[in-house]
Amino acid sequence: MHRPGENAAGPAEAPAPVKRAGEGGWMERLGAALVAPTRALAASETSAGAGRAPADLAVLILAGFMATSLPRLVKAGWLVADGAAMDGVHLFLADLSGALMAPLLFVIVSGLAVTVLAGRRRSTAADFDLACVAAVPLAAIPAVVQLAYRIGAASPGLLTAANWAGYAWGGALVALAVRQARRRRSRGGAS
Amino acid sequence: MSETASRARSRWAGGMVVAVIALVFALDLIAVARSWDRLRPIGAGGAAPAIDLPRIGDDGRVGPDRVSLASLRGRVVVVDFWETWCRPCRESMPVVERVTARHAAGGVALVSVCSDGTERSAEARRLVDDLAPRATLLADDGAVADRYGVATIPHLVVIARDGSIASVHRRYAGAASLERDLDAAIQEALSRPAP
């Protein structure tokens, strides 16, 4: 008995799908923003990659938030369970907004900067996709530093320094994003 | 660098980030499992966790003298957890001061625990002098607030004379309700027999 697509000699020889830039998995897109930013930025402007960067960034931020805020999330859960639901919700929302604030502000400011600096080649949606790629280091660095902090290899001062390094890294990516936006062939053209 | 190598490097970097997040989550999971009970907010009936903190002096400096909860045993103690940036805390302070002053003769002490007091002791001193001058002001680095399960501030704990928690009041919903609730809680704690 053979499954569909197989013959007696084994699986049918089918041409391997060719993955284009922007078609890699979430982990690959995330890693590209860190180690191959030019490729990641270009991929975000392809038809396959358009619109993925904001979702990728959101997943990264939420995963980081869940990982680094677990004790406080448990505390919020206890408050809800103990009948202080408003306090639990308040604690949860305060922590969530704290986690979202910096990357969201960064995306808004850098997205606007890319839009303005792209001149006639601006495309608002694509510009904010680029900004989301540029924000990946900002969202990834805190997790790395939190790990170092938890195993006793980092001080609170280093947390602050690492956050600033994240901004600097993100800023460099914004510069690349502007260059990417200015290379577009025509206005409105996520190609 | 070839496209294939670049993509492999990207997958490796993305995998590292995911691994780091997973590791932080695992470490926190262990920490949560170890301190499960400590994360639960402390409610009425349980024994009040120990407090032994440096006092913020009249000059706004921390220490050297310390105040412990044990030294106040035999009195009803109202512990007010707050931080200098917290506006509702500042708004609630005069109410707490007024209610505790009303019962001072009955043996009620007000202890003001400033959770950012080790860093902002002078500002904490000025605020308490203005808003709750009868309070004993202590500097906390967050450890005691953590032991009391303080999640939102202001957070008031009324401790009975036997060292058990009589009631907990979270957040500030207005002067009238706080005055009514705190007054009733202090009266209830005072009505309990001394140890």
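**Reading a predicted two-chain model**

Biologist: In which sense do strand E4 (residues 108-114) of chain B and strand E5 (residues 136-139) of chain B pair, parallel or antiparallel?

Modeller: The two strands pair in the parallel sense, over 4 bridges. Pairing requires that DSSP find at least two bridges between the strands. The elements themselves are DSSP runs numbered from the N terminus: helices (H or I) have at least four residues and strands (E) at least two. One bridge here joins Cys114(B) to its partner in E5(B), Ala139(B).

Biologist: Before we go on, where do the coordinates and numbers come from?

Modeller: This is a predicted model, in which local features need pLDDT of at least 70 and side-chain atom pairs count only at pLDDT 80 or more, while totals for chains, interfaces and linings use all residues. Residues are numbered from 1 along each chain as its sequence is written, and chains are lettered from A and ligands numbered from 1 in the order in which they are written.

Biologist: What is the mean pLDDT of chain B?

Modeller: The predictor's confidence in each residue is called pLDDT and runs from 0 to 100. Where it is low, the predicted coordinates should not be read in detail. In chain B the mean is 91, and 99% of the residues reach 70 or more. For the complex, the predictor gives an ipTM of 0.79 and a pTM of 0.72.

Biologist: Which strands pair with E6(B)?

Modeller: Strand E3 (residues 76-82) of chain B pairs with E6(B) in the antiparallel sense, over 5 bridges. Strand E7 (residues 165-170) of chain B is also antiparallel to E6(B) and is joined to it by 5 bridges. E6(B) and E7(B) form a hairpin with 5 residues between them, and Gly163(B) in the turn has a positive phi of about 85°.

Biologist: Why is strand E6 of chain B largely enclosed by the rest of the structure?

Modeller: Count neighbours: a residue is buried if 20 or more other C-beta atoms, placed from the backbone, lie within 10 Å of its own, exposed if 12 or fewer, and partly exposed in between. In strand E6 (residues 155-159) of chain B, 5 of the 5 residues are buried, so the strand is largely enclosed. His155(B), Val157(B) and Ile159(B) cover one face, and Leu156(B) and Val158(B) the other.

Biologist: Is Trp36(B) buried or exposed?

Modeller: Trp36(B) is exposed, because 11 other C-beta atoms lie within 10 Å. Trp36(B) sits in helix H2 (residues 36-39) of chain B. Arg171(B), in the loop between E7 and helix H6 (175-191) of chain B, is partly exposed, with 18 such atoms. Phi of Arg171(B) is near 60°, a positive value in a residue other than glycine.

Biologist: How is chain B divided into domains?

Modeller: The bounds come from an automatic or database domain assignment. Chain B has domain 1 (3-34) and domain 2 (42-191). Their centres, taken over C-alpha atoms, are 42 Å apart.

Biologist: How many residues does the contact take from each chain?

Modeller: Two residues are in contact if their C-beta atoms, placed from the backbone, lie within 7 Å. The contact takes 29 residues from chain B and 33 residues from chain A. On the chain B side, the largest share, 21 residues, comes from helix H1 (residues 3-34) of chain B. By class, that side has 16 nonpolar, 6 polar and 7 charged residues. Nonpolar means Ala, Val, Leu, Ile, Met, Phe, Trp, Tyr, Cys and Pro; charged means Asp, Glu, Lys and Arg; the others, Gly among them, are polar.

Biologist: And how many helices and strands are there in chain A?

Modeller: Chain A has 8 helices and 2 strands, running β-β-α-α-α-α-α-α-α-α from the N terminus. Of its 191 residues, 41% are buried.
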